[in-house]
Amino acid sequence: MNERRAARERRRAQEFELFVAGAGGRLLHAALLLTGEPGRAVGSGAGVDDGSRGTEAAERLLTASLARTYADWGRLRGEDPYARTRQEMAARFARTARRYRHPRGGVLDRLAPRERLVLVLRLHEGVAEEQTAAALGLSVERVRIICTRAVNTLRSRPATPPVAAARQAPGAAP
Amino acid sequence: MSAHDRKEEEVRRMLDLGHPRVPPELAARAAARGRGILRARRAVRAVAWVLLLIAVVAFCVWAAIEAPWSAPPREP
């Protein structure tokens, strides 16, 4: 009995590790957009391990969401663990949105937490309007309004943050 | 492509900054926390079973003593 449980735990840990190795980067990026931290893209130079990567809150959010996915791993029944983690992360972020009101230097700094959440789900993650509405307990109309407002806010002001500018420069001049 | 779609596409590109580096110990930390959640769930389940068992035993003892199915003694 105990041996079977141990074997199950081992398999779960292995599958989970593979999942995080594959999806971790993308999930952490989404978490970073939500928390509004600047973060630092892979390969953006030296000093990555200088203690403050600018991703602490996002890592906490992601770790807590992944822990739930780990606990529910045996009950996913074919559901995509990525979608499950994203859903958990969105719900967790919505619950604690007050913590993320203050600007931290990220791309979406000018947006309110809920606008960030809708924008990340809709545009970054490509979740359909109906699913976003269901996940956040909003009407489809409301999701559309929030998303449009967020898009307009981002475009209305000179928005290119230093990180984006640095990354776009090499691509623009081949 | 409508103006609206173009705007959304522009913002989508703005969001796409490349993935950050995932700390190597993040998966292990999440797994450890997940195991904690599982332990807590198992503990709650165990307590619920024990309470149910106590309730069943208590009911059986009460029923055996009181025998509520037998007719009440007739009043003279």
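Student: What percentage of the 174 residues in chain A is made up of buried residues?

Tutor: In this predicted model, buried residues make up 33% of the 174 residues in chain A. For chain B, which has 76 residues, the corresponding value is 12%.

Student: What makes A:Val120 count as buried?

Tutor: A residue is called buried if 20 or more other C-beta atoms lie within 10 Å of its own. A:Val120 has 26 C-beta neighbours inside 10 Å, so A:Val120 counts as buried. Its place is in helix H4 of chain A.

Student: Which residues does A:Val120 touch, not counting residues up to four places away in sequence?

Tutor: With those neighbours set aside, A:Val120 touches A:Ala30, A:Leu33, A:Leu34 and A:Glu125. To touch here is to have C-beta atoms, placed from the backbone, within 7 Å. A:Val120 and A:His29 are 91 residues apart in sequence, and yet their C-alpha atoms are 10.0 Å apart in space.

Student: How do you know which residues A:Leu34 is in contact with, leaving aside its neighbours within four places in sequence?

Tutor: By that contact limit of 7 Å between C-beta atoms, A:Leu34 is in contact with A:Leu61, A:Phe93, A:Arg116, A:Leu117 and A:Val120. For chain A as a whole, among contacts between residues at least 6 apart in sequence, 64% join residues at least 24 apart.

Student: What makes up the largest nonpolar core, and which of its residues touch the most other members?

Tutor: A nonpolar core is a set of buried nonpolar residues joined through C-beta atoms within 7 Å, and the largest one has 44 residues. Those that touch the most other members are A:Ala31, A:Leu34, A:Leu62, A:Tyr70, A:Val118, A:Leu119 and A:Ala150. Two or more residues of this core come from each of H1, H2, H3, H4 and H6 of chain A, and likewise from H1 and H2 of chain B. H1(A) gives the most to this core, with 10 residues.

Student: Why is chain B called more spread out than a compact globule?

Tutor: The globule rule gives 11 Å for 76 residues, whereas the radius of gyration of chain B is 32 Å, well over that value, so chain B is more spread out than a compact globule. Along its principal axes, the C-alpha trace of chain B spans about 95 × 40 × 10 Å.

Student: Which residues of chain B does UniProt list for "transmembrane region"?

Tutor: The unreviewed UniProt entry lists residues 43-65 of chain B under that name. In the model, this span is 100% helix and 0% strand, and its end C-alpha atoms lie 33 Å apart.

Student: Which residues of chain A does the annotation "domain: RNA polymerase sigma-70 region" cover?

Tutor: According to the UniProt annotation, also from an unreviewed entry, this domain covers residues 107-155 of chain A. The span is 73% helix and 0% strand, with its end C-alpha atoms 12 Å apart.

Technical notes:
Residues numbered from 1 in each chain as written. Chains lettered and ligands numbered in written order. Predicted model: local features only at pLDDT ≥ 70, side-chain atom pairs only at ≥ 80, totals over all residues. UniProt positions renumbered as here; feature names shortened; annotations may be inferred. Helix = DSSP H or I, 4+ residues; strand = E, 2+ residues; numbered from the N terminus. Rg over C-alpha atoms; globule rule 2.2 N^0.38 Å. Contact = placed C-beta atoms within 7 Å.
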